[in-house]
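Let's take a friendly walk through a protein model. Have the sequence and the 3D view at hand, and look for each part as it comes up.

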Amino acid sequence: MEPIRIFYFSDVLCIWAYIAQIRLDELKTTFEDKIAIAHHFVPVFGVASEKLENRWRERGGLQGYSNHVQEVGKKFDHITVHPDIWTKVTPVSSTSCHLFLHAIKLVEADGLVEPDLQVFEKATWAFRKAFFTQLANVSDRKVQFEIAEELRLPIAAIQAQIDSGEAYAQLSKDFELVKEHTVTVSPTLIFNEGRQRLNGNVGYRVIEANIRELLHNPPGEQSWC
């Protein structure tokens, strides 16, 4: 049986995607080769500082948004959020991170790193964690390379994927998928060729139930519900 294909859209700077990582890890442990998760990026924070200053102007600006993110983070024991999040350091754009991570994914696809290491997913998590716990300005290319070096990734190969335009092409594909599926929320999970979706802070059991329903009632078969 073909694995259930899941499109997973997220923004590196999104608190809800940071929270949801543990759910993805649990899904992979529970379902193993029964699911195939394709990671894509949605630029919720493509123009981060300007967007937040405008949307939170009447609610305390960046400090107001920082307070909101901290309050959200306190509800989840498995994550840590720095008390100065979004105020002491305000990344300009998540798009730079997404481009760099696509370059890492291409390096992985080319077999330039050990395939079992899952370096793309590890790097994505490292970017999120660096921002939310250490206030790393992950939109800065210098910081991106520092994180890649800590992960012992081939820096020259990553830069080559950016310079050649390949990483930009993959990022453009994400933009097209975002439009095709009208994705506006991070994270968003899309199943069943676009017929099912889960947006935002969705609990693990809800995601699991959707997958089990698809496994027991494959597309094309009749279901009582």
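## A serine inside a helix

Ser66 has its place in helix H3, which spans residues 61-74. Keep in mind as you look that this is a predicted model.

Is Ser66 buried or exposed? Ser66 has a relative accessible area of 0%, so it counts as buried. Its side chain has a polar atom 2.8 Å from the backbone oxygen of Ile85. If you set aside the neighbours within four places in sequence, the residues in contact with Ser66 are Pro83, Asp84, Ile85 and Thr87.

## A buried arginine

Now move along to Arg128, which sits in helix H5 (residues 119-134). Arg128 is buried as well, with a relative accessible area of 2%. Which residue's side chain makes a polar contact with the side chain of Arg128? The partner is Ser10, at 2.8 Å. Leaving aside neighbours within four places in sequence, Arg128 is in contact with Ser10, Asp11, Val12, Ala17, Tyr18 and Gln21. For a sense of scale, take Lys105, which is 23 residues from Arg128 along the chain: the C-alpha atoms of the two are separated by 16 Å.

## The sheet

Strands of a sheet pair through backbone hydrogen bonds, and they can do so in a parallel or an antiparallel way. Here, four strands make up an open sheet with mixed pairing, in the order E2-E1-E3-E4. Strands E2 (35-41) and E4 (196-199) stand at the edges; each has a single partner strand, so one side of each is left without a neighbour in the sheet. From one strand to the next, the twist averages 20 degrees.

Two of the pairings can be followed residue by residue. Strand E1 (residues 4-10) pairs with strand E3 (residues 188-191) in the antiparallel sense over three bridges, and Phe7 stands opposite Ile190 in E3. Helix H1 packs on the sheet, where it touches E1 and E2, and its direction makes about 160 degrees with that of E2.

E3 and E4 also pair in the antiparallel sense, over four bridges. Thr188 stands opposite Asn199 in E4. These two strands form a hairpin with four residues between them. E4 has two faces: Gln196 and Leu198 are on the covered one, while Arg197 and Asn199 are on the uncovered one.

Most residues other than glycine have a negative phi, and most peptide bonds are trans. Which places depart from that pattern? In the turn of the hairpin, Asn192 has a positive phi of about 55 degrees. Glu193, found in the loop between E3 and E4, has a positive phi near 55 degrees. Glu193 counts as exposed, because its relative accessibility is 71%.

Gln118 is not a glycine either, yet its phi is positive at about 50 degrees. Gln118 lies in the loop between helix H4 (95-109) and H5. With a relative accessible area of 40%, Gln118 is partly exposed.

The peptide bond between Ser186 and Pro187 is cis, with omega about -5 degrees. Pro187 is in the loop between helix H8 (166-180) and E3.

## Helices side by side

Two packed helices are described by the angle between their axes and the distance between the axes. Here are two pairs to find:

| Helix pair | Angle | Distance between axes |
|---|---|---|
| H1 and H9 | about 35 degrees | 10 Å |
| H4 and H8 | about 115 degrees | 8 Å |

H1 and H9 cross in a right-handed way. On the H1 side, Arg23, Glu26, Leu27, Thr30 and Phe31 meet residues of H9, among them Tyr204, Ile207 and Glu208. This contact has six nonpolar, one polar and four charged residues.

The crossing of H4 and H8 is right-handed. Thr95, His98, Leu99, His102, Ala103 and Leu106 in H4 meet several residues in H8, including Tyr168, Leu171 and Phe175. How many residues of each class take part in the contact of H4 with H8? There are seven nonpolar, four polar and two charged.

Definitions and conventions. Residues are numbered from 1 along each chain as its sequence is written. This is a predicted model: local features need pLDDT of at least 70, side-chain atom pairs count only at pLDDT 80 or more; totals for chains, interfaces and linings use all residues. Side-chain values use heavy atoms; hydrogens and water are left out. Axes are lines fitted to C-alpha atoms, for helices over the stretch in contact, and angles run from 0 to 180 degrees between N-to-C directions. A crossing is left-handed if the near helix is turned anticlockwise from the far one by less than a right angle, and right-handed if clockwise. Contact means heavy atoms within 4.5 Å. Ala, Val, Leu, Ile, Met, Phe, Trp, Tyr, Cys and Pro count as nonpolar, Asp, Glu, Lys and Arg as charged, and the others, Gly among them, as polar. Buried means under 20% relative accessible area, exposed over 50%, partly exposed in between (1.4 Å probe, protein chains only). A polar contact is a pair of N or O atoms within 3.5 Å; within protein, one must be able to donate a hydrogen and the other to accept it, and residues adjacent in sequence count only if both atoms are side-chain atoms. Two strands pair if DSSP finds at least two bridges between them.
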